[in-house]
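Hello,

I am passing on a structure that I would like you to read through, and below it I have written down what was found in it. Please keep the structure open beside this message as you go.

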Amino acid sequence: MSLNSNIPEGKLEEKWTKYKSTVPLVNPANKRNLEVLVVGSGLAGAAAAASLAELGYKVKCFCFQDSPRRAHSIAAQGGINAAKNYQNDGDSVYRLFYDTIKGGDYRAREANVYRLAEISPNIIDQCVAQGVPFAREYGGMLSNRSFGGTQVQRTFYAAGQTGQQLLLGAYSALERQVGMGTVQMFSRHEMLDVVVIDGKARGIIARNLITGELERHFGHSVLLCTGGYGNVFFLSTNAMGSNVSATWKAHKKGAYFGNPSFTQIHPTCIPVSGDHQSKLTLMSESLRNDGRIWVPKKAGDNRNPNDIPEEERDYYLERRYPAFGNLVPRDVASRAAKERCDAGFGVGNSKMAVYLDFKFNMMRYGRVEATKLGMTDASDAEIFKMGKDVVKEKYGNLFDMYKQITGEDPYELPMRIYPAVHYTMGGLWVDYNLMTTVPGMYALGEANFSDHGANRLGASALMQGLADGYFVIPYTIGAYLSKEIATKAISTDHEAFVEAEKSVSERLNKLLTINGTKTVDYFHKKLGKVMWDKCGMARSAGGLNQAIVEIKAIREEFWNDLRVPGTADEFNPELEKAGRVADFIELGELMCIDALERNESCGGHFREESQTEDGEALRDDENYSYVSAWEFKEADWDLHKEELKFENIKIAQRSYK
Amino acid sequence: MSGNMNLTLKVWRQKNNKVKGSLVDYKVNEVSPDMSFLEMFDVLNEQLIIKGDEPIAFDHDCREGICGMCSMHINGRPHGPKDAITTCQLHMRSFKDGDTIVVEPWRAKAFPVIKDLTVDRSAFDRIIASGGYISVNTGNAQDGNTLPIPKVDADIAFAAAACIGCGACVAACKNASAMLFVSAKVNQLAHLPQGKPERMERVRAMVAQMDKEGFGSCTNTGACAAECPKEISLVNIAAMNRDYLKSNLIDAEG
């Protein structure tokens, strides 16, 4: 099958407007007979389910948590980008588009990214209308902050809880429809297979996690809004339940997987403290705006950081990247931290950490406050205290979180941070309509591969999730469903449903009857270590080849020596985990194959064989300017390539110097 | 494990909502003070599985204090001995070697036990579905800055909106009242101009649904606010009561 991204004709800035005015429509009476299944209730899923129900479609929405409000979008901290140019600092739709393409190291599709930038202002308006309490200035206007990879202030925020507030907005829109009976909500349900009939997605098999019962659900269309797969690394900033299973099942039923190896390693996370660690916690990128990152100039310097004088500190990001300084994109900041730690300059007990220091800005803010109050003779202690209060208002919850986890007070001592897996740019391959290679099946938000290329800029995930859910899918789904108005609801007694349920049930039984000696977590940790060591921040042909062999061995051992307690017909969290880890193992292999195939460095994908003299990622546009879309075959994968054409941006080696 | 604390846990075990449960003792050794409370449960569960026992079911997801899924009643307090944090943010350094720790599920009629420490909080979703929103369809919004909102109002709305819906307020209350949860949403929207048109109808509908779900009455003991991991203020309840009263007066006048 050849890949058709279905990008509309015409000038970049006119494509979406023209598309919207010419896309086929479905009349209200027909909408009432068309059923849409939405899997996942995060920003993309909740926004899509609510918006489609408002339009009149019959919607069912599924989530594995006990409430749709708990989807992992809730944990996003820093903010959401929008090209509003409220700060009058030169922002525009084109600039957001340009920053995103460049930030993604020229591996994203122009038309999709431009549409995202174009829609971004509507998202802010929609959220404000829902009652999302964004931060405001004293005059009542919306406030903005800076984020990485850009030189304008376009990030809207609600303290360090922006994801929470946006999700609660989408959740309330969703619950409003639930209350009106237009959306049927299935919490504590996990999708375990997609049902494909005559080549089209027609339903899902879901497991009621409380009773263990398998349920068949028909839909004219299936939307996967199931997030990313960072948990393949075991340790990541993702929630414990975040998983690849829904998209992986879809992949095995014919949906191509796009750029699976493109993983974002976020530079500012709280370092690992021991073997017991179950997850990692992010410290928002917005902190980099108000903090400075440094390590001692002398390797192995064990002094209290406050005792290390200014001239003995290496502000390595400011040194290497004077134009962007601490605000370089995430991939660049992460690699720079790794470089310093590998060279022996790391700090803390593990020596795998760098400092993020807020002293300077606390003093700067303090002086501003002192000036406002006319305190011309304020002491340093007074200035520091006032500055501390300003920082507290901006990031109080993050500082508290840091203190809770590490036992150290970040107002007094600089934070210790280290990169951790945070987001996956890869995902199901979709066309301009967000449709996968299986007709009728869509992927939205982090679950698709579409907008961030090889590196996502901060505050752009929330933007994309909501853009896809509120403003893209309500239009693009019409292009498909307008041709489905004659399709009557298919009975769930159809053999495809029976067959899919049977295979799900067999797999669950298989997992329960291996009766081996190792727990699910044992395998998950083992897989995670292989992935982090060989398919993490630095990758090489030798390491990846070895990883593939090791992952195959883990898979073999998993299916022969796993122990899952309990039964399939009860609430059984270990069984849920087992199924997810089984899928992660298969995905891990594909990620390594993809990373091996792409013998260039781009964004977060750093191949040691492809770097500049000073250690920067070196792209190879001549040979790798494409999206890798992998087709599942029983024993292997076939690679399909979508060539990337840059007609509106001059493609260049990325520089933040 | 890497630490040196030895603890005794008394954990509520209950197979499902049809059978009775009881407290069961477990010894956990070599606990590190850097571990989180839930990581200690992970380790205990690993040991139980290897021994051939059933692991303890508990709700958790983000493990950074924001999703609201974790819900353990620890030594008689929702989310344990420290203020303003969730169970997942509680670390073992808050306990000492030799401690006995009692862990129970949320206790409330409206939150029936599903298994062990896991309860059903879907009543909260139904309360939101009854009116905890602003009725605005996608695409209807005006520019966000055409409606200036004084910072002080935005801050009050934000403080109320910080609720994570974990249910600790209900678990803490001797009447299992959901007033703090409901009032946080009511007050968030009441403080924003966008929320004004439906203000009276909203409070009426949400309170009616709350009563229908079987939550108890509020007797102003304040335990809810004291145990709230997000420090949602009791003032919200007072404000909601005022709105609720007003909404009934308006209703009476037709």
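Met191(A) stands opposite Ala206(A), which belongs to E7(A). Before going further, please note that this is a predicted model, in which local features need pLDDT of at least 70 and side-chain atom pairs count only at pLDDT 80 or more, while totals for chains, interfaces and linings use all residues. Residues are numbered from 1 along each chain as its sequence is written, and chains are lettered from A and ligands numbered from 1 in the order in which they are written.

The strand names, like the helix names, refer to DSSP runs numbered from the N terminus (helices are H or I with at least four residues, strands are E with at least two). E6(A) and strand E7 (residues 200-208) of chain A run antiparallel and are joined by eight bridges; two strands count as paired if DSSP finds at least two bridges between them. They belong to an open sheet of three strands, with the order E6-E7-E8 in chain A and antiparallel pairing. Because strand E6 (189-197) and strand E8 (214-218) of chain A each have a single partner strand, they stand at the edges, and one side of each is left without a neighbour in the sheet.

**The nonpolar core**

The largest nonpolar core has 295 residues, and those with the most contacts inside it are Val39(A), Ala49(A), Leu223(A), Leu224(A) and Val170(B). Such a core is a set of buried Ala, Val, Leu, Ile, Met, Phe, Trp, Tyr and Cys residues joined through C-beta atoms within 7 Å. A residue is buried if 20 or more other C-beta atoms lie within 10 Å of its own, exposed if 12 or fewer, and partly exposed in between, with C-beta atoms placed from the backbone. Helix H17 (residues 573-597) of chain A gives the most to this core, namely 13 residues.

Leaving aside neighbours within four places in sequence, the contacts of Leu224(A) include Val39(A), Gly40(A), Ala246(A) and Met441(A), where contact requires that the C-beta atoms of two residues, placed from the backbone, lie within 7 Å.

**Two buried residues**

Ser450(A) is found in the loop between strand E17 (441-443) and helix H13 (461-481) of chain A, and it counts as buried because it has 30 C-beta neighbours inside 10 Å. Not counting residues up to four places away in sequence, Ser450(A) touches Arg109(A), Asn112(A) and Val430(A).

Ala168(B) lies in helix H4 (residues 168-172) of chain B and is buried, since 30 other C-beta atoms are within 10 Å. Although Ala168(B) and Gly68(B) are 100 residues apart in sequence, their C-alpha atoms are 9.4 Å apart in space.

Chain B is divided into domain 1 (5-115) and domain 2 (122-253), with bounds that come from an automatic or database domain assignment. The contact between them takes 18 residues from domain 1 of chain B and 16 residues from domain 2 of chain B.

Between the chains, 67 residues of chain B are in contact with 63 residues of chain A. The largest share of the side of chain B that touches chain A comes from H1(B), with six residues. By class, that side of chain B has 30 nonpolar, 22 polar and 15 charged residues, where Ala, Val, Leu, Ile, Met, Phe, Trp, Tyr, Cys and Pro count as nonpolar, Asp, Glu, Lys and Arg as charged, and the others, Gly among them, as polar.

With best wishes
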